Amino acid sequence: MTGGGDCPGLNAVIRAIVRKAERHYGDSVIGFLDGWRGVLEGEFIELDVASMRGTLPRGGTVLGTSRMSPRMREDGVEHVRAAVESAGADALIVIGGEGTLSAGAGVNDAGAAKVVGVPKTIDNDIGLTEQTFGFDTAVGIATAAIDRLHTTAESHDRVMVVEVMGRHVGHIATWAGIAGGATLTLIPEEPFDIEAAVEAIARRHQRGRWASIVVVAEGARPKEGTMALPEPEIDEFGHVRLGGIGHAVAAEIEARTGYDTRVTVLGHIQRGGTPSAFDRVLCSWYGVAAIDAVHDGDWGSMVAYQGGEMVRVRLADAVAELKPVSPALYDVAKTFFP
Ligand code: F6P
């Protein structure tokens, strides 16, 4: 099953699982639909090598996804146990981000299903793996957008604020900010001082550089009491709907400097469409490693990418804490701040 926000490469993982399961182990594979919803309600489809043909480069997920979780239903774990049993499934491969994988760890620990996890999210915030799949694609999309914004910013002598995804951590912002040559990059890990940001942009102008790119992670926050922000909306799953920090930062920059400032919110463009070559390889590796973990009976494990190798870690350990941006890497971004 695939749960949470979608991500480029989900189909590539499923395809790899199905391929090795069917051709190497002689398994039959089913896919539960729409994340935990399908597991809770026992809704699934048969998957085989033929039905997965052509899906390697296709974004999204052939199984659908949702933010539903067993924790949201009374006796959720018991529904999972019943659905998995009645489907005749020996194991459940859970492909998801922090929320989906935590629920997977819970289901495994309760003995309701034998679970193996695969870390998905463009945010790259899952612990104990250097890279979640989808992240490389998202960084590529954000960098290409920043490259394009440079030329229009320079033509008009404008400040361009680019808001990228990154709910709790600023991996996409940091990588795309460095790769795209951003003037400033603001991330959730380090609350920003808007006055210092504005002064940095002004310093750059005094040096005759009229155009600036400011990359802002959607979860970035100003230092306590320094800047007013609109109240965030909460969706039907209790998930805070982020977005808006880019507009707030741009308004402050324009008001405090008088420089013409525009905003681009990249939003779901970062999540849609085809996975990068790196993500296609990583996903294929994750998928193969996940079905191998199933056949080794390594329940409650998550496949993880560490030091160029595929390893297994405990699912519960991987979701215990989100992985922040390395301060050393953020220092690289800061080296280029004015
Ligand atoms: O968790 C991944 C992510 O892409 C976040 O960066 C973003 O805040 C969130 O999903 C938005 O998801 P949706 O709009 O689908 O609820």
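Is W175 buried, partly exposed or exposed? At 43% relative accessibility, W175 counts as partly exposed, because buried means under 20% relative accessible area, exposed over 50% and partly exposed in between (1.4 Å probe, protein chains only). The model is predicted, so local features need pLDDT of at least 70 and side-chain atom pairs count only at pLDDT 80 or more, while totals for chains, interfaces and linings use all residues. Residues are numbered from 1 along each chain as its sequence is written, and side-chain values use heavy atoms, with hydrogens and water left out.

W175 lies in helix α6 and pairs with F135 in helix α5 (residues 135-156), 40 residues apart, so that distant parts of the chain are linked. Helices (H or I, at least four residues) and strands (E, at least two) are DSSP runs, numbered from the N terminus. The ring centres of F135 and W175 are 5.7 Å apart and the planes meet at 85°, so the pair is edge-to-face. Rings of Phe, Tyr and Trp (its six-membered ring) pair if their centres lie within 6.5 Å; planes under 30 degrees apart count as stacked, over 60 as edge-to-face and the rest as tilted. F135 is buried, with a relative accessible area of 1%.

Helix α6 (residues 171-179) also packs on a sheet, touching β5, β6 and β7 (212-217). Contact means heavy atoms within 4.5 Å. The sheet is open, with 4 strands in the order β6-β7-β5-β10 and parallel pairing; two strands pair if DSSP finds at least two bridges between them. Its edge strands, each pairing on one side only, are β6 (184-186) and β10 (261-265). Strand β5 (residues 159-164) pairs with β10 over 5 bridges, and R262 in β10 is the bridge partner of M160.

The whole structure holds 6 aromatic pairs. One of them joins Y330 and F337, edge-to-face at 6.3 Å centre to centre with 80° between the planes; both residues are buried. F278, W285 and Y305 form one aromatic cluster.

Helix α9 (residues 277-295) has 19 residues, which at 1.5 Å a residue should span 27 Å; the end C-alpha atoms are 28 Å apart, which agrees. The expected span is 1.5 Å times one less than the number of residues. Buried residues of α9 include D279, L282, C283 and Y286. The buried residues of α9 pack against α1 (10-25), β3 (92-96), β4 (115-119), α5, β11 (301-306) and β12 (309-314). After α9 comes G297, with a positive phi near 65°.

Methods:
Axes fitted to C-alpha atoms, helices over the stretch in contact; angles between N-to-C directions.
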